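Let's take a walk through this structure together. Have the sequence and the 3D view ready, and follow along from one stop to the next.

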Amino acid sequence: MKTLIASALIATAALTGAANASLSSDVQTYAPNADVSALTATEANMVVSILHSGNTESEKRSAIRKIVN
């Protein structure tokens with residue numbers, strides 16, 4: 001049972017790292033040199049929502065910069 005839990009934790013950590021790498025490259029489009037590693041989970045979710053919204057590029061840029069700066 002301990003092995004199963006440990007494996008699940010390792011898989012979760014690996015997936016989180018991959019998601020952060022993808023988020024980082026997407027955010028760089030709107031906020032160059034932004035450090036997404038310092039974002040909380042809530043802030044990261046807000047950024048993802050903004051990225052997938054139907055807003056204009058300038059609206060996305062403004063909203064993302066407010067969160068990451």
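Residues are numbered from 1 along each chain as its sequence is written, and side-chain values use heavy atoms, with hydrogens and water left out.

So what is the chain built from? It has three helices and zero strands, and reading from the N terminus the order is α-α-α. Helices here are DSSP runs of H or I with at least four residues, strands are runs of E with at least two, and both are numbered from the N terminus.

How far can you trust the picture? The score to look at is pLDDT, the predictor's confidence in each residue, from 0 to 100. The chain averages 77, and 70% of the residues score at least 70. Confidence is lowest in helix 1 (residues 2–30), with a mean of 61, and highest in helix 3, at 94. Over residues 6–18 the pLDDT stays under 50, and the model gives that stretch zero contacts beyond four places in sequence. A contact, by the way, means heavy atoms within 4.5 Å. Where pLDDT is low, the predicted coordinates should not be read in detail.

Now for some totals. Of the 69 residues, 22% count as buried; that label means under 20% relative accessible area, while exposed means over 50% and partly exposed is in between, using a 1.4 Å probe and protein chains only. The accessible surface of the chain comes to about 4,800 Å², and 60% of that belongs to carbon and sulfur atoms. Areas like this come from the Shrake-Rupley method with a 1.4 Å probe, and for residues only the protein chains shown count as cover. Among contacts with a separation of 6 or more, 50% are between residues 24 or more positions apart.

Next, turn to helix 2 (residues 41–51) and helix 3 (residues 57–68). They pack at an angle of about 175°, with axes 10 Å apart. Axes are lines fitted to C-alpha atoms, for helices over the stretch in contact, and angles run from 0 to 180 degrees between N-to-C directions. The two helices are therefore roughly antiparallel, a label for angles over 145 degrees, whereas under 35 is roughly parallel, 65 to 115 roughly perpendicular and the rest oblique. Helix 2 brings Glu43, Met46, Val47, Ile50 and Leu51 to the contact, and helix 3 brings Lys60, Ala63, Ile64 and Ile67.

Lys60, in helix 3, counts as buried at 8% relative accessibility. Leaving out residues up to four places away in sequence, Lys60 touches Tyr30, Ile50, Leu51, Ser53 and Asn55. Glu43, in helix 2, is partly exposed at 26%. Glu43 and Ile67 are 24 residues apart in sequence, yet 6.8 Å apart in space, C-alpha to C-alpha.

Finally, visit the loop between helix 1 and helix 2, where you'll find Asn33. Asn33 has a phi near 70°, a positive value in a residue other than glycine. Most residues other than glycine have a negative phi. Asn33 counts as exposed, at 76% relative accessibility. Asp35 lies in that loop between helix 1 and helix 2 too, and is partly exposed at 47%.

Technical notes:
Predicted model: local features only at pLDDT ≥ 70, side-chain atom pairs only at ≥ 80, totals over all residues.
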